[in-house]
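Here's a quick briefing to read with the model open beside you.

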Amino acid sequence: MRVLVAVPAFNEEAAIGDSLDALASFHALSDVVVVDDGSADSTATIARARGATVISHAINLGVGAAMGTAFKYAVAHQYDAVVQFDGDGQHRAEHLRDLVSALPNADIVIGSRYSEGGQFPASAARRGVQRVISWAVSAYTRTPLTDATSGFRIAGPRALEVFAAHYPVEWLGDTVESVVIASRHGLVIREIPVNMNERAGGVPSQSISRATLYTGRILFILLLAGIRSAPPQLRALKRRTLSEETS
Amino acid sequence: MTPQGLAIAMAVVLLVAVVLLLRSYVLPEKYAVIWIAASAAAIVLSGWPGLLDRVSQFFGISEPINLLFVGTFFVILLLLMQVSLELARTRDELRKIVQRLALDIQSKNKE
């Protein structure tokens, strides 16, 4: 199975070099694509020097769009699976193997910080928010999920086809809404426990207003998912698959 | 039909239009929130005219309808400003993309 590791990166020159070095001992960098999402710093230069393939967006479009590009690249280059691996040092390369080996039984495997055996330093407020979100997401997808907002995940062949056609681009949509879309498409989602590092750069969002906005946004996504039909690209994909099956 | 019934019907039509556009992925969520809020406000105000009277009394406005006009005018101004800002941003992004594309095509032709 050919596995592509996709690293979405926006102004990550401080962390991208170390992230790729850590990745290199578990995965060949020739099968790593860094999607530089319109960085103004030397993210792309550093990544290219390490031997990764670099795709640069001309403007900043967000993580969702960066992953969308990676999925299209994976399909165009005949990969079977795509791992999302953040360039900020939060994800640990040693879990790559666990994600890949869990794939045969699922279409999407999510590395969860909160499931049994996972460890992540989190405040009580953050855990509370997480509990509400995981309850809502699990109820919607009818799969027990503890960490739908985790970006550390692998998408197998069936999921790849769906995500190359459509991947949500709005804030938090890339993680939560993609899970919802996948479950509506009948894909099997699983979780494995992982450990994560605190982000190397960036400020963790801890304030109450921020947490409320975050939770509200996720509940809004789930509410919308309840009334939404499938996007036009996915309806076309479904029609194609159905006609292939009948012919 | 009473004028109030007409107002409620119009507000409901607005809300249904917003939900249908949202549902079919035509209207992005980012802009949907403000339209949902606007149509919800329209439904509340047409369904409960007493609210408008009370608020205008609080501000010392003798004709409640004037409050409605001033308030609506202000909200529409804000919406227009948001649209202008978005348009400016989009044009700026378009410029960056065209310039980048032009440079890429030029370097490809030289090879």
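Is B:Arg89 buried, partly exposed or exposed? B:Arg89 is partly exposed, with a relative accessible area of 39%, where buried means under 20%, exposed over 50%, and partly exposed in between (1.4 Å probe, protein chains only).

A word on ground rules: this is a predicted model, so local features need pLDDT of at least 70 and side-chain atom pairs count only at pLDDT 80 or more, while totals for chains, interfaces and linings use all residues. Residues are numbered from 1 along each chain as its sequence is written, chains are lettered from A and ligands numbered from 1 in the order in which they are written, and side-chain values use heavy atoms, with hydrogens and water left out.

**Salt bridges**

- Over all chains, the structure holds nine salt bridges, each being a side-chain nitrogen of Lys or Arg within 4 Å of a carboxyl oxygen of Asp or Glu.
- One of them pairs A:Arg217 with B:Glu29, with the closest N and O atoms 2.5 Å apart.
- That pair joins two chains, because A:Arg217 sits in helix α8 (residues 208-227) of chain A and B:Glu29 in helix α2 (residues 29-47) of chain B; helices here are DSSP runs (H or I, at least four residues), strands are E runs of at least two, and both are numbered from the N terminus.
- Both A:Arg217 and B:Glu29 are buried.
- Back to B:Arg89: its side chain meets that of B:Glu86 in a salt bridge at 2.9 Å, N to O.
- These two lie three residues apart in helix α4 of chain B, about one turn of the helix.
- B:Glu86 is buried at 16% relative accessible area.
- B:Arg89 also has a salt bridge with B:Glu93, at 3.0 Å from N to O.
- B:Arg89 and B:Glu93 are four residues apart in helix α4 of chain B, so about one helical turn separates them.
- Shared partners tie B:Lys30, B:Glu86, B:Arg89 and B:Glu93 into one salt-bridge network.

**Second largest pocket**

- This pocket has a volume of about 910 Å³.
- For the method: on a 1 Å grid over the protein atoms alone, a pocket is an open set of points with protein on both sides within 12 Å along at least five of seven lines, a cavity is a set where a 1.4 Å probe fits but cannot get out, and lining residues have an atom within 4 Å of a point.
- Points are joined across faces, edges and corners, and a volume is the space filled by probe spheres set on the points.
- Its lining counts 25 residues, and those closest to the centre are B:Ala41, B:Ala42, B:Leu45, B:Leu68 and B:Thr72.
- In chain B, α1 (3-23), α2, α3 (49-59) and α4 each supply at least two lining residues, and α4(B) gives the most, with nine.
- By class, that lining has 21 nonpolar, four polar and no charged residues, with Ala, Val, Leu, Ile, Met, Phe, Trp, Tyr, Cys and Pro counted as nonpolar, Asp, Glu, Lys and Arg as charged, and the others, Gly among them, as polar.

**Cavity**

- Searching the whole structure turns up one cavity of 30 Å³ or more.

**Surface and burial**

- B:Phe73, B:Ile76, B:Leu77 and B:Leu80 make up a nonpolar surface patch with about 420 Å² of accessible area together.
- Patch members have over 30% relative accessible area and no salt bridge; nonpolar side chains (Val, Leu, Ile, Met, Phe, Trp, Tyr) are joined within 5 Å, like charges within 9 Å.
- Areas come from the Shrake-Rupley method with a 1.4 Å probe, and for residues only the protein chains shown count as cover.
- B:Phe73 belongs to helix α4 (residues 64-110) of chain B and is exposed, at 58% relative accessible area.
- In chain A, helix α7 (residues 173-184) is mostly covered, with 11 of its 12 residues buried.
- Just after α7(A), A:Gly186 takes a positive phi of about 80 degrees.
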